[in-house]
Amino acid sequence: MNELIIRVGAPSSVSADMGGYRLYHWYEDRGAVYTYGGMVNLSCDRTIGVDDDDFIISVDWRGNCIAPVDSPWARSNDTQSTGVNQ
């Protein structure tokens, strides 16, 4: 979990679920952008659940924003070299 926070920054908030696991929330609002279909408001909420040992046990990504190349949320080529499917 510490590595994720170093990479993407501090979460917007932290809560707990019914089982007592910590849920880290990152909210992002990119505002309105023009698309072929008209104006679209881009926003998303990412929630990462961790257990008592700080291991990630769940990931939830809601909204319509994508991770641009310069975003810390963008996929890394590091996973290709390890053989992990993206």
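Two residues are in contact here when heavy atoms of theirs lie within 4.5 Å. The model is predicted.

**Overall make-up**

The chain has 86 residues, and 24% of them count as buried. Two helices and four strands make up its secondary structure. Following the sequence, these elements come in the pattern α-β-β-β-β-α. If contacts between residues at least 6 apart in sequence are taken, 26% of them join residues at least 24 apart.

**The sheet**

The four strands form an open sheet, ordered β1-β2-β3-β4, and their pairing is antiparallel. At the edges are β1 and β4, each of which pairs on one side only. From one strand to the next, the twist averages 25 degrees.

| Strand | Residues |
|---|---|
| β1 | 13–16 |
| β2 | 22–35 |
| β3 | 38–50 |
| β4 | 56–63 |

Strands β1 and β2 are joined by four bridges in the antiparallel sense. In one of the pairs, Ala16 has Arg22 of β2 as its bridge partner.

**The nonpolar core**

In soluble globular proteins, nonpolar side chains tend to be buried together. Which residues form the largest nonpolar core of this model? There are seven: Met1, Leu4, Val8, Tyr24, Trp26, Ile48 and Val50. Helix α1, residues 2–8, supplies at least two residues of this core, and so do β2 and β3.

**Ile56**

Is Ile56 buried, partly exposed or exposed? Its relative accessibility is 45%. Buried would require under 20% and exposed over 50%, so Ile56 counts as partly exposed.

Leaving aside residues up to four places away in sequence, Ile56 touches Met1, Leu4, Ile48, Gly49 and Val50. Among these, Met1, Leu4, Ile48 and Val50 are listed in the largest nonpolar core. Ile56 and Arg22 are 34 residues apart along the chain, and their C-alpha atoms are separated by 9.7 Å. Arg22 is the residue of β2 that bridges to Ala16.

Definitions and conventions:
Residues are numbered from 1 along each chain as its sequence is written. This is a predicted model: local features need pLDDT of at least 70, side-chain atom pairs count only at pLDDT 80 or more; totals for chains, interfaces and linings use all residues. Side-chain values use heavy atoms; hydrogens and water are left out. Two strands pair if DSSP finds at least two bridges between them. Axes are lines fitted to C-alpha atoms, for helices over the stretch in contact, and angles run from 0 to 180 degrees between N-to-C directions. A nonpolar core is a set of buried Ala, Val, Leu, Ile, Met, Phe, Trp, Tyr and Cys residues joined through side-chain atoms within 4.5 Å. Buried means under 20% relative accessible area, exposed over 50%, partly exposed in between (1.4 Å probe, protein chains only).
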